[in-house]
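I would like to understand how its side chains meet and where they lie.

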Amino acid sequence: MTALPLARRSGGRSGGRSGGTRQLAGTTPLLRLALRRDRVLIPVWVGVNALMVLSMPGTIRSLYGTAAERAGLLRQLETSASLRAMTGPVFGDSYGALIVWRAGVYAGALAAVMSLLLVVRHTRDEEESGRAELISSGMVGRRAPLTAALLTAAVANALLGGLVTAGLAAQGGTGAAAFGLGVAGLGMVFATLAAVLAQLTESARSARGLTAAVLGAAFLLRAAGDSATADGSSVLTWLSPLGWLENLRAFAGERWWVLLLFAGAALLQGALAYALAERRDLGMSFLPARPGPAAGRLSGAGALARRLQRGSLLGWSIGFLLAGAVYGTMAEGAADLVGGNEGARRIIERMGGEAGLVDAFLSAMTGMLGLVATLYIVASVLRLHGEETSGRAEPVLAGAVGRLRWAAGHLAVAFGGTVLIMLLAGLGLALGHGRDTGPLLGACLAQVPAVWLIGGAAVLLHGLLPRAAVAAWAVAGAVLLIGWVGPALDLPRAVLDLSPFGHLPKLPGGEMEWTPVLVLTALAAALVTAGLAGLRRRDLLTG
């Protein structure tokens, strides 16, 4: 790779102010390019996260409008370890404290996911596609690409933190600022972690997977710690960055020093990322890639697609099984929690039906898992887009492999994987709740046609408008937002019906309705067919 020595000469190792400046040469143009490329992705992620948080004040006021209701909630959380594991402890009875309790963990997790995707996209993804080598052949400093990626994540997190702070200012300016800074700080912790793992691993897929695994471990540590204590003081909680966000205690006697944990972790990981980047060749990694399979095991385009996506599918499968088990164990406790609160009961019934509170809760949880599954299917379908833009699809299609056969391998993993993860979610619900497996498996499978419809939209965009394929994330985000906050805000039926999930039967507990299931399946098939027809006729993307 001839570009690397040029990049090193431009960065230099002479030290001093001029050497440091040369190493950052080109950062501003790269930042502008990254922000332009992410002009859809960043607003979608920031908008969905901010709207989720900012929808909470009205919801909390409708659910816990009196001091007695808020005091009752605090007493119930003190004795309900499973509920604390899901949402964390609550540190005060003010509306602001309850908003942070209800939305804090999930807002932080979404900020972390957004950050890791942005950083890996502009570091390891660029190296895999060959664009980083082309850029490095110009007057671009050694540290410029990594700096631009981290600044992109910083801009996104600053925007998110600013929106959260401004939106919650009415609850108290100090608490709003603390919570906004905490969410942004958590995002930057995972941005810098992704930067480190992008240096260690040889593929963007591995970097994203390992960072997501750390986020999952952080969630489990926080959940275990919060279930053990009611005040967030467990060592396990403090080992998790999500636990730091809780212990910042926004709107409940802010602990400003906790922000130093976010800053320290981000600075240390950022410094490590720069040190690693200085010591490796472009496109190389510190962790060796595992050799491919022996001849005969990788016998076609479908087998290649399965191998490329098996790690992602395994991670989603484990996650859905565990999530189902957690939600299953919460069913009876959640029924006790909302049983005396008519507002909470109405929300659960709007989400899950009116066949009984436990069944309504389980139905609502299967719906939530279905909404999350849209993220899996969009990511899996857009793997086609990544294979094209990286140039890896062209050598495959140069052989005796047609475009439809190549695409079919990835789509089989995407659409078949949806069935698998929803089945595992149903199994987890059954194991956690200790009831008959059949009804819960059926309830989870009933979500599949709606997930497939979102996947079909992603196939359509990739086939007909490949440059706009990333807009599939906007579609998934809009559906997620409607399903997440629509019932809590009591949005009109016409708005809820914009989501395919609004037409599905409320299972378990309700009656099976085959018409919407078949219609959604047919629409998904039509979108996939149209997308494949477009893919067959257009030119391949090359970057």
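By about how much of the helix are Arg-383 and Glu-387 separated in helix α20? These two residues are four apart in helix α20, which covers residues 383-389, and therefore about one helical turn separates them. Helices here are DSSP runs of H or I with at least four residues, while strands are runs of E with at least two, and both are numbered from the N terminus. Before going further, note that this is a predicted model, in which local features need pLDDT of at least 70 and side-chain atom pairs count only at pLDDT 80 or more, although totals for chains, interfaces and linings use all residues. Residues are numbered from 1 along each chain as its sequence is written, and side-chain values use heavy atoms, with hydrogens and water left out.

Side chains of opposite charge can pair when their charged atoms come close. A salt bridge is counted where a side-chain nitrogen of Lys or Arg lies within 4 Å of a carboxyl oxygen of Asp or Glu, and by this rule the structure has 10 salt bridges. One of them joins the side chains of Arg-383 and Glu-387, at 3.2 Å from N to O, and both residues are buried, a word that stands for under 20% relative accessible area, whereas exposed means over 50% and partly exposed covers what lies in between (1.4 Å probe, protein chains only).

Helix α20 also holds Glu-388, whose partner Arg-538 lies in the segment after α27 (514-537), so that the pair links distant parts of the chain, 150 residues apart. The salt bridge between Arg-538 and Glu-388 has an N to O distance of 2.8 Å. Arg-538 counts as buried because its relative accessibility is 13%, and Glu-388 is buried with a relative accessible area of 2%. Elsewhere, salt bridges that share partners join Arg-124, Glu-127 and Arg-280 into one network. Arg-124 is buried at 1% relative accessible area, and Glu-127 is buried at 17%.

We can now turn to the rings. A pair of aromatic rings is described by the distance of the centres and the angle of the planes. Rings of Phe, Tyr and Trp (its six-membered ring) pair if their centres lie within 6.5 Å, and planes under 30 degrees apart count as stacked, over 60 as edge-to-face and the rest as tilted. The structure holds six aromatic pairs. In one of them, the rings of Trp-244 and Phe-262 have centres 5.6 Å apart and planes at 70 degrees, so this pair is edge-to-face. Because Trp-244 lies in helix α15 (residues 241-247) and Phe-262 in helix α16 (residues 259-278), the pair ties together parts that are 18 residues apart in sequence, and both residues are buried.

Trp-316 and Tyr-376 form another edge-to-face pair, with 5.7 Å from centre to centre and 65 degrees between the planes. This pair links distant parts of the chain, with Trp-316 in helix α17 (residues 301-339) and Tyr-376 in helix α19 (residues 357-381), 60 residues apart. Trp-316 counts as partly exposed because its relative accessibility is 25%, whereas Tyr-376, at 2%, counts as buried. Ring pairs also bring in Phe-320, which forms a cluster with Trp-316 and Tyr-376.
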